[in-house]
Every structure is written in C-alpha cells, then in structure tokens.
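Colleague: Before I use any of the labels on this model, I would like to hear what each one rests on.

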Amino acid sequence: MKRRNGANGSADGGAATTAAVFGEVLRHHRECAGLTQEDLAAKIPCDRTLVTRVEAGKRVPQERFVAVCDQLLGTGDMFTTLWRRIDWYPHTTHPDWLKRWVEMEANAEALRAYETDVMPGLLQTEEYARALMSQFFSGRELDDRVAARMSRQQGFMKVDGPLLVVVLDESAIRNVVGGGDVMRDQCEQLLLAGQRPNMRVQVAPFNLPLIKPKTAMSLITLADGEQWLYSESLEAGHFINDPALIARYTRIYDVLRADCLSASDSAAFIGDAMEGYGRNGDMAQEHLQRERRWELSGSRVDEKQLQRNPRRGLRGNRPRYPRIRPREGQ
C-alpha cells in the first residue's frame, strides 16, 4: 500500500505534501499571534504533541481542532475552508473485497446504515479506528489501514455531502475500544455528526422491544437511483441488488428507525454515555458490574431495572451537544 499524503514529505525529499504546507501556514499564524506550541495547545486545549505533529505535516487534524484554531488565531474560517478542500488521503488503497463498496460510497446519494458492536467506519475518530485495527495490524500496515478508513469519510463531511443516517445499536456505545478517553471522543464525534445537515444518528437501546436486522447492514442509493444492500462477514463484503430483498430490509430498517430513540433523545443518550466515559475509570467496569448483578439475579427483568432510563436527563427534551473543543490526543 502507498503511504497517505500528509504523513511525510515526498519520497525524494522534494516538494512538501499538502499536510506539510497546511502545517506551515498554521505555524506562521501561531507565531504571528505570539503563541508558542504550548500556548496554543493550552488554549485549545489539547496535548502539545498534537500541535507539533500537525505543524510538521505528520498528523491530519480533525475538523474540531481546525475550527478552534480559526477562532483563537483570528483567521475567520480560513483553516476550516482549507481543511475541507484538501484531499488528505489521495493515495490510500483498500482491501480488494472492500474496493467496490468504497466506489459506491463515493457515488452515493444516500446511505442508511444499521451498526452493532462497533461504531460505523464513516463516523469513527482516528484514535478509535487505530485502537480497533491494532488488534489485527501493526506498523506501516496499521497506518495505511487507518488512513484508508479516514479517507472514506471526506465525501460525507462536505457541506453538501450525501445523506448519512445511522441507527446505532447500544452495544456499539457500551463496547469499549481503546479506553475511556477514546470512547469519550468517539461519542463526541457522534454528537457532532448529528448536528450536520446531511447526517442523523439514532440509538437502538437494549431496553426497548425492537425488531432489528440480524447483522450490521447498509442500504445505499447511488446518484443514478440504483439501490444496493450491503453487509460484511469476516473476510468479505456481500452485495445484493434483488429488489424484493431490498424492499424487505428497507421496511425493517424504516420500522426500526421509527421505534428506536429519536435523533434528539439519541443525542441525550450519547451525551450521558460520553459523560460516563469522562469519569475516572472506564464505563466498561460499570457495565461489568451490572452484568455480574444480572447473573446473580438470574432475571432479565432485574437487569432492565438496573439499566439507566435512556430518557434520563433530557433537560426539557433538548440534547446536550458538546462544545467544539478537541481534547487531548485528537
């Protein structure tokens, strides 16, 4: 696999990458503002090494980081505009079985997904993706796999990007990947995605009697109106264009969306989960304790009583969105 653009300079030490140029512009405006890297990191706030790596062209910044830099350095929306226009991952490649799906995503008009156990790739933070993939890859291959996943998000992050609707099984929120800090930032990413005009995120909680698909799946509508159903096994992607099956699973998906938490209630649910991951110690420990009490009681009813009400803390049914402020490691 080729190295992603933005990680380093050119192989022969010649022209700088777009990420390196972006970093130089950031460095220029930081110094004009009379700030050291430590000063800027403290104001964002984030770790100083993140500022260092972005300025060196060795780290692709997240949009939240860029937006805060615009505010702190008085550059209007210059950095945000540049960030959206730059193709940060022009040289990434994908596994052969995934290439067809990636091409479909690039030509999508709308994508409706149901995800279980893990966060959807199109909404993963880089830290979450890296922690998830580090179970299977390392070194250069891990870097390339993460870059390839991040590259798929760019088209959907545009202001006029395709419609992206995700129904997220609660298991994806409770399944700890990378530790509490990574999960907190990932929950924040979900909330920020839900604020975009072309994205909606809804949660299918454990304690509602929902009819769910047996596995994660995606329904995609291409620009020419063609429709496909897609699902994955361990080593392959499965494509279905049978109209009868697409109609069947579209119906299941539409009913699930109607019966699960609304977008605003889902945001409140995710916000509560994010706060939980922000406490000392992972939310996983709390979940394991609930599971242990459930095993001792031997009753699913007792477990439901131990679970928090997903509508708790809605504060007048208004979702609690995070401030646009990158945290350490982002």
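This is a predicted model: local features need pLDDT of at least 70, side-chain atom pairs count only at pLDDT 80 or more; totals for chains, interfaces and linings use all residues.

Modeller: Residues are numbered from 1 along each chain as its sequence is written, and side-chain values use heavy atoms, with hydrogens and water left out.

Colleague: Why is His94 called buried?

Modeller: Buried means under 20% relative accessible area, exposed over 50%, and partly exposed in between, with a 1.4 Å probe and protein chains only. His94 has 12% relative accessibility, so the residue counts as buried. His94 sits in the loop between helix H5 (78-85) and helix H6 (96-106); helices (H or I, at least four residues) and strands (E, at least two) are DSSP runs numbered from the N terminus.

Colleague: Which residues does His94 touch, leaving out those up to four places away in sequence?

Modeller: They are Lys99, Val102, Ala148, Ser151 and Arg152, where contact means heavy atoms within 4.5 Å. The C-alpha atoms of His94 and Arg145 are separated by 7.6 Å, although the two residues are 51 apart along the chain.

Colleague: What makes Asp117 partly exposed?

Modeller: Its relative accessibility is 42%, and therefore Asp117 counts as partly exposed. Asp117 belongs to the loop between strand E1 (108-115) and helix H7 (126-133). Its phi is near 75 degrees, a positive value in a residue other than glycine.

Colleague: Is Val165 buried or exposed, and how do you know?

Modeller: Val165 counts as buried because its relative accessibility is 3%. Val165 lies in strand E2 (residues 163-169). Beyond four places in sequence, Val165 touches Leu111, Arg112, Ala113, Arg200, Tyr253 and Arg257. Val165 and Leu219 are 54 residues apart in sequence and 9.8 Å apart in space, C-alpha to C-alpha.

Colleague: And why is Thr75 called buried?

Modeller: Thr75 is at 13% relative accessibility, so Thr75 counts as buried. Thr75 is placed in the loop between helix H4 (63-73) and H5, and contacts His29, Cys69 and Asp70 when neighbours within four places in sequence are set aside.

Colleague: What makes H4 roughly antiparallel to H5?

Modeller: The two helices pack at an angle of about 155 degrees, with their axes 7 Å apart. That angle is why H4 is roughly antiparallel to H5: angles under 35 degrees count as roughly parallel, over 145 as roughly antiparallel, 65 to 115 as roughly perpendicular and the rest as oblique. Axes are lines fitted to C-alpha atoms, for helices over the stretch in contact, and angles run from 0 to 180 degrees between N-to-C directions. Among the contact residues are Val66 and Leu73 of H4 and Phe79 and Trp83 of H5.
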